[in-house]
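I opened my notebook to jot down what I looked up in this structure. Here are the entries, in the order I made them.

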Amino acid sequence: MSNLFYQSGAKRPVLDHAQGVYMWDQQGNRYLDGSSGAMVCNIGHSNPNVLAAMRRQMEKSTFGYRLHFETEASEALANKLAELTPEGLNKVFFVSGGSEAVESAMKLARQYAIATDKPTRWKVISRSPSYHGCTLGALAVTGYSSLTAPFAPMMQEMPKIPAPRAYLDGLDPNDPKTGIHYADMLEAQILREGPETVLAFIIEPIGGASTGALVPPVGYMDRIRQICDQYGVVLIADEVMTGAGRTGTFLGCEHWGLRPDIVVMSKGLGAGYVPLGAVIADDKIVDAVMDKGGFAHGFTYAGNPLACAAGLAVLDEIASQNLCANATSTGDKLIARLHGLMQKHDVIGDVRGKGLLTAFEFMADRSTKAPLPPHLNAHQLFVDLAYARGLIVYSRRTRDGIAGDHILVCPPLIIDDTHIDEIITGLDATLTEFMTHIHPKINA
Ligand code: PMP
């Protein structure tokens, strides 16, 4: 009888050890980690260089409270992140996870507004569907009603605009008019709210768990940048999932040359070795806040030297193993092979993604884009069937709007062609078995 509790879900075996892209349970069963945990373990499991860096740091110190000491590891990691992120984003604030990073970014933007004599600005516009975290502030900008609804009375409601799901709306994502169409919804929302009340706009550059690797249409990113500039709105890129090389560039926004005002990172930064997150902000934002007395915010474990030493070693591995390039080349192959599965299995209605943030979505009917009936809980069934075959994938049902169940296939960035073969073989067999369960029930 366990004293632990999490969300609902199938009982899973006890993890024994993990190496590279594989994990083993205590019964000796091997699993290919086709989702890098929750899109976390970008450099694979048990990387010896990261473990050695952690050991070296542990021998020196594992904690130095930030108000008592600077630490070499946190300084070095901050410098590295300033180097790897867009020009002018040089100020780094460490946290221990993605929700903390999102909270911190929003509070920093708010203090910036106050410091620059714009105290009426407090609303953070976000998109629906989206996921930005589970703490009450991050949840308030999350567009995912089943997660947010129970807590509605406890949260400040924040405005939402639709995520640019061109494939569902029957629009061509390669037509710049499509990008403008969705981006202009931001302008309309700012005008509805009153520009003098709007503080920030937060986006996942490529959708994560909420939309299943949704890539924005051509023209979208340029236009939202223009709109944020025009109305003095802080643009926050939530790179918790897309950062640290996941999509083939260090940050997801690099694909469009987008320069956010604040970037938040987590997952792939600690890469499963330590809990770590970071807010990387424009100098002018932080300078203004510091001039007016500093940032009234901070977590006890912020800048923990062990976490930062691990993060630094993770970034070294991403660079030395050329993992961004590997994510691009293996991601292209994986997406092509997922398209192959779509040709074979009608239940796949869409394949999408960039680098190794890839997904496919189930549809009952491709022509109408009708989702599978929700009561089938198809995404969980698929995950459980794949798991039983030793393949771990990640899934969600986007319950807002009409999108159905999607499966994220996001292996560590160290994969090679043989791992892709193994993933595709596992998915193919799982899809066949899945249909034997689903088919009789689709029209039931
Ligand atoms: N933002 C995004 C885009 C995420 O994907 C997640 C986690 N799935 C978070 C924020 C929250 O991160 P955490 O679970 O580490 O708090």
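**Entry 1: strand 15 and its partners.** I began with Ala359, whose bridge partner in strand 15 is Leu408. This is a predicted model, so I keep that in mind for everything below. I then looked at Tyr394 and found that its bridge partner in strand 15 is Leu408. For Arg397, the partner in strand 15 is Asp405. Going up to whole strands, I noted that strand 12 (357–362) and strand 15 run antiparallel and are joined by four bridges. Strand 14, residues 394–397, also runs antiparallel to strand 15, with four bridges between them.

Entry 2: Which order do the strands take? I read it as 11-12-15-14, an open sheet of four strands with antiparallel pairing. Strand 11 and strand 14 are the edge strands, each pairing on one side only. From one strand to the next, I get an average twist of 20 degrees.

Next I checked what packs on the sheet. Helix 13 does, touching strand 11, strand 12 and strand 15, and its direction makes about 175 degrees with that of strand 11. I also found helix 14, residues 378–388, lying across strand 12, strand 14 and strand 15, at about 165 degrees to strand 14.

**Entry 3: burial of strand 15.** Why is strand 15 largely enclosed by the rest of the structure? Five of its five residues are buried, so the answer lies in that count.

**Entry 4: two domains.** I turned to the domain assignment, which gives domain 1 as 15–46 + 322–442 and domain 2 as 49–320. Their centres, taken over C-alpha atoms, are 26 Å apart. I find 34 residues from domain 1 and 36 residues from domain 2 in the contact. On the domain 1 side, helix 1, helix 13, strand 11, strand 12 and strand 15 each supply at least two residues. Helix 13 gives the largest share of that side, five residues. By class, I note 14 nonpolar, 12 polar and eight charged residues on the side of domain 1 that touches domain 2.

**Entry 5: a helix pair.** I looked up helix 3 (residues 72–84) and helix 12 (residues 305–320), whose axes come within 8 Å and cross at roughly 40 degrees. The crossing is left-handed. From helix 3, I listed Ala73, Ser74, Ala76, Leu77 and Lys80; they meet Pro305, Cys308, Ala309, Gly311, Leu312 and Leu315 in helix 12. That contact has eight nonpolar, two polar and one charged residues.

**Entry 6: Asn29.** Last, I picked a loop residue: Asn29 lies between strand 2 (22–25) and strand 3 (30–33). Why does Asn29 count as partly exposed? I find 13 C-beta neighbours inside 10 Å, so Asn29 falls in that class; buried would need 20 or more, and exposed 12 or fewer. Leaving out residues up to four places away in sequence, Asn29 touches Pro13, Trp24 and Gly390. I also took one distance, C-alpha to C-alpha: Asn29 and Leu186 are 49 Å apart in space and 157 residues apart in sequence.

Methods
Residues numbered from 1 in each chain as written. Predicted model: local features only at pLDDT ≥ 70, side-chain atom pairs only at ≥ 80, totals over all residues. Domains from an automatic or database assignment. Contact = placed C-beta atoms within 7 Å. Nonpolar A, V, L, I, M, F, W, Y, C, P; charged D, E, K, R; others polar. Axes fitted to C-alpha atoms, helices over the stretch in contact; angles between N-to-C directions. Left-handed = near helix turned anticlockwise from the far one by under 90°. Pairing = 2+ DSSP bridges.
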